[in-house]
Amino acid sequence: MDSAQEIENHIFRLQKPMNDVIERGDSSVQQFYRDATVFVTGGSGFIGKQLIEKLLRSCKIKKIYLLSRCKKGQTIQQRLQNMLKDQLYDNLRSRQPQFADKIVPVEGDVADIRLGLNEKDWKKLTNEVNIILHVAATVRFEEPLRKATFTNLRGTREALQLGRECTKLKKFVHISTAFTHATKSRIDQEVLEQFYPCPIPPDTMIALAENVDEDRLNAITKDLIEGWPNTYTFTKSLAEEFIKTSAGDLPVCIVRPPIVLPAFYEPGPGWLDVTTLAGPSGIYLGGGLGVIHLYCTSENSTMAIAPVDYVNNAIIAAGWDSELRRKEGKTDVPIYTLTKNITFGDIVRSMEKNGDRYRPPAAI
């Protein structure tokens, strides 16, 4: 048996207690999601794909509406069919052969007004949806500020508006990032699970993106985002501020994931989406395959990381836990941060220790 198969079999053995709990279906988290109709934005991305898989595998979900747009000549139905061919869903498919019947794509775009939904779909969602998982974002660090604002900030505003109009809404879970307030002024400081002041009101930023010429907006971006390393974290911080000031009595919580790495445990070890290869996952994989021989950094530099399955377990549990807080009379918007800090030196030492064992034969 090769090393990869040995690791996989070991993980599957460790999964047995978890699978037994899932089969019983009586945990309080499962009860919270039982028979729920869920609306997911960003469901075709790295986090979203595994989130959908975990929800359907572990909870008796009634239906998942998936916001999707036509792309590269494919309809939303074709995109969904292609997405579900991923081996990520093989375990779920073996347990629930008809699971795809519960996933309904609705055409729209998170960057558009009213999420790009037509009136019929908007009404259908507001009549049926119990839980909104707002995952969609542009994570490109150097995204032009207009596009980042429309997607990360205005998209959150529109998703919240959908939530307000949902007649059966139990929970709105907003997926932010652990780096929303990792500004230059906070280097070597803790960023707590709380809101922080923002340099510009969210509505003002949206108005600038909607009305200022794009060349002019690009020219003043550096000054607008001063202190933040990129337009991604800047607009995500403004999205949090919008939630803080505008959510009102909406049942909202925020989850802040760090850099998201391949699955550690579920549904199988090492699963990753091909779109993540340009990021930190590519560093791990490239080093393990022997493709990357040199990476210039300090071995003491840290990364805040978490496997995608850990992140999605936190997202699912946050919806349940924040509702418990509400029932206890707590009216604040709870924030859940998930991170583990490792250094590049840790990565190097791990590869030196385990590289030859776990590396494919062709790369040794």
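Contact here means heavy atoms within 4.5 Å. The model is a predicted one.

**Helix α2**

Start with helix α2, residues 16-24. Its buried residues pack against α3 (28-33), α4 (46-58) and α6 (90-95). Which residues of α2 are buried? They are Met18, Asn19 and Ile22. These residues cover an arc of only 95° around the axis, so they lie on the same side of α2. Pro17, Glu23 and Arg24 sit on the other side of α2, and they are exposed. Gly25 follows α2. The phi of Gly25 is positive, near 70°.

**Strand β5**

Now turn to strand β5, residues 171-175. Is β5 largely enclosed or open, and why? Five of its five residues are buried, so the rest of the structure largely encloses β5. A residue counts as buried under 20% relative accessible area. Lys171, Val173 and Ile175 point one way from β5. Phe172 and His174 point the other way. Both groups are buried.

**Partners of β5**

Strand β5 pairs with β4 and with β6, as the table shows.

| Partner of β5 | Residues | Sense | Bridges | Opposite residues |
|---|---|---|---|---|
| β4 | 131-134 | parallel | four | Leu133 and Val173 |
| β6 | 252-256 | parallel | four | Val255 and Ile175 |

Val173, which stands opposite Leu133, is buried. Ile175, which stands opposite Val255 in β6, is buried too.

Helix α8 covers residues 145-165. Together, β4, α8 and β5 make a β-α-β unit. Which hand does this unit have? The unit is right-handed.

Notes:
Residues are numbered from 1 along each chain as its sequence is written. This is a predicted model: local features need pLDDT of at least 70, side-chain atom pairs count only at pLDDT 80 or more; totals for chains, interfaces and linings use all residues. Side-chain values use heavy atoms; hydrogens and water are left out. Buried means under 20% relative accessible area, exposed over 50%, partly exposed in between (1.4 Å probe, protein chains only). Helices (H or I, at least four residues) and strands (E, at least two) are DSSP runs, numbered from the N terminus. Two strands pair if DSSP finds at least two bridges between them. A crossover is right-handed if, with the strands pointing away from the viewer, the path from the first strand over the helix to the second runs clockwise. The arc is that of the directions from the helix axis to the C-beta atoms.
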